[in-house]
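I opened a new structure today and kept notes as I went. These are the entries.

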Amino acid sequence: LGRGGDSRRAGCGAALRIAGGARIAVLCLMVWSDWLHRDYDSSSASLAPLPCLQASLGENRPVEPPLWPRVARGVRSLCTWDCVHFVDIAQCGYQYEHQHAFYPLLPLCVRYASKTVLAFMRPYLGTRATLVLIGLLLTNGAFVASAACLYQLSRHLLPTEAHALWAVTLYSVNPASVFGSAVYTESVFALFTNLGFLSMCWDRWWLASVALTLAAAARSNGFLHSGAFGLRLLYVGQEIARRPRKRFCGEAARFCYAFLALSLAVQCLLPCMPMILFEAYARVRYCTIDTEDTRPWCQSMSSLYAFVQDRYWGVGFLKYFEWKQAPNFGLAMPALLLSLCSLWATMRGHLSHVVSAGLWSASFLKGRNREPERDVGSETRIFKPEVWHRPWLRTVVLSIAYEQAILLFAAIFVMNVQVVTRLISALPLVYWWIAKNIVDFYGGRKSSGNTTYHVDRMLVGISTYYGLFVLLGCVLYSNFYPWT
């Protein structure tokens with residue numbers, strides 16, 4: 001046990017070094033790219049200090065020039081695209097309708113830190129640059145912490161430590177890596193997502209619910225995390241149904257069952273609360289004022305978030321299926337293929353578990369007197385064999401697989417398809433599948449020559465894709481060029 005604990009601590013330290021080194025490299029590449037090349041889009045001028053529309057929400061104090069103007073300009077230059085919206089929200093609150101496409105957790109953390117622990121930086125950098133600097137510190141710190149959580153999660157689910165370290169390495173240099181170092185929500189969402197699933201492996205479900213609720217407060221797709229608690233409710237109900245009825249006839253047993261059901265219902269509801277509260281806030285903010293220019297979404301029960309995505313970003317079912325969007329589909333194709341391959345590898349050896357949400361194995365579906373299910377995925381298996389026999393571990397794997405499948409469907413048919421590179425970056429299934437192939441290939445597992453050749457070509461292609469997207473992402477994002 002002691003040796004195992006020492007191994008875990010050493011592996012976690014290695015994961016922190018890998019992720020920290022990757023963040024330093026990405027930030028240096030962003031700074032170098034911004035210094036070397038002039039920004040393509042002059043919209044970065046919007047980072048100039050502007051008064052807030054609502055003095056009660058923002059800060060309209062007189063603007064004084066920073067004591068370190070060159071440093072302030074350098075820090076502000078690292079904030080492009082969505083970062084501008086997050087900084088605006090952190091400084092002035094939600095002023096405009098389209099800003100409700102961005103969830104509040106990251107701006108609230110940046111705003112709070114700018115008034116407390118790092119308030120002393122304002123005279124040196126100015127308000128805007130201070131907010132950007134705090135955002136960079138938070139997102140990069142969250143990325144490193146999420147890598148540590150991913151390592152611990154991988155050790156619970158994957159066969160060896162080598163698989164876990166390779167998964168962390170792949171996560172640290174993933175194709176959306178630049179957004180893990182920018183003031184975006186990817187790092188914060190990944191941190192609380194990995195922490196939530198890790199808490200499930202520890203069988204600490206209230207901690208998991210709180211962590212996944214925070215993830216849902218960072219990104220809109222976080223409400224999908226509630227499905228994990230729905231799966232657990234199904235497993236608990238199945239376990240109770242299989243036990244003798246007489247064991248649940250007493251008052252104490254009925255009370256315990258009712259309390260457990262209530263707890264599961266609350267845990268399942270919590271990840272949906274940020275979305276519900278965010279919509280309620282928007283209706284109070286915009287729909288309770290009697291004006292002639294009433295917004296369309298106020299007159300119906302439709303969601304403001306859905307309206308904003310449709311109105312300002314052109315998101316809708318099949319709306320992106322146009323010939324002019326073919327380059328964006330090509331840009332997203334590698335991420336789509338890797339996600340589909342990892343899903344297929346998960347399903348291939350355990351189809352009965354995936355189809356039945358883990359409620360029945362193949363032997364149960366065929367009849368209880370048949371032989372136990374044969375592990376048909378022994379050569380392609382990603383996870384430890386015991387994962388499929390322990391409900392709390394099975395819940396984690398199936399929840400991640402189902403969420404990835406839903407996001408893939410939404411990315412292809414509903415959303416702007418190129419964002420799939422960022423959406424999938426927080427879910428570890430792709431990294432686990434690639435890590436399995438790397439360990440098997442370089443670990444000397446026997447296979448036919450033809451298979452070895454194809455695996456070698458696949459790993460070379462994946463390495464090229466990862467390296468190219470990290471490089472292009474740092475260069476293009478830093479200079480305000482369009483990117484995923």
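**Entry: the largest pocket.** I am working from a predicted model. I noted a volume of about 1200 Å³ for the largest pocket.

I then sorted the lining residues by type. I got 27 nonpolar, 10 polar and six charged.

Which helix gives the largest share of this lining? Helix 14 does, with five residues. I listed the helices that each supply at least two lining residues: helix 3 (82-92), helix 13 (273-286), helix 14 (304-313), helix 15 (326-348), helix 18 (391-413) and helix 19 (420-424).

**Entry: the core.** I turned to the largest nonpolar core and found 126 residues in it. Leu157, Met200, Phe383, Trp432, Ile434 and Tyr466 have the most contacts inside this core. Helix 6 (residues 127-157) gives the most to the core, with 14 residues.

I picked Trp432 and checked its contacts beyond four places in sequence. Among them are Leu150, Leu153, Ser154 and Leu157. Trp432 also touches Phe383 and Ile400.

**Entry: Val470.** I found Val470 in helix 21 (residues 449-478). Is Val470 buried or exposed? Its relative accessible area is 15%, under the 20% cut-off, so I marked Val470 as buried.

I looked for its contacts, leaving out residues up to four places away in sequence. Val470 touches Leu29, Val173, Asn174, Pro175 and Ser177. Pro175 is 295 residues away from Val470 along the chain, yet their C-alpha atoms are separated by 5.3 Å.

Note on methods:
Residues numbered from 1 in each chain as written. Predicted model: local features only at pLDDT ≥ 70, side-chain atom pairs only at ≥ 80, totals over all residues. Heavy atoms only, no water. Helix = DSSP H or I, 4+ residues; strand = E, 2+ residues; numbered from the N terminus. Buried < 20%, exposed > 50% of the residue type's maximum accessible area, 1.4 Å probe, protein only. Contact = heavy atoms within 4.5 Å. 1 Å grid on protein atoms, 1.4 Å probe; cavity = no way out; pocket = protein on both sides within 12 Å on 5 of 7 lines; lining within 4 Å. Points joined across faces, edges and corners; volume = space filled by probe spheres on them. Nonpolar A, V, L, I, M, F, W, Y, C, P; charged D, E, K, R; others polar. Core = buried A, V, L, I, M, F, W, Y, C linked by side-chain atoms within 4.5 Å.
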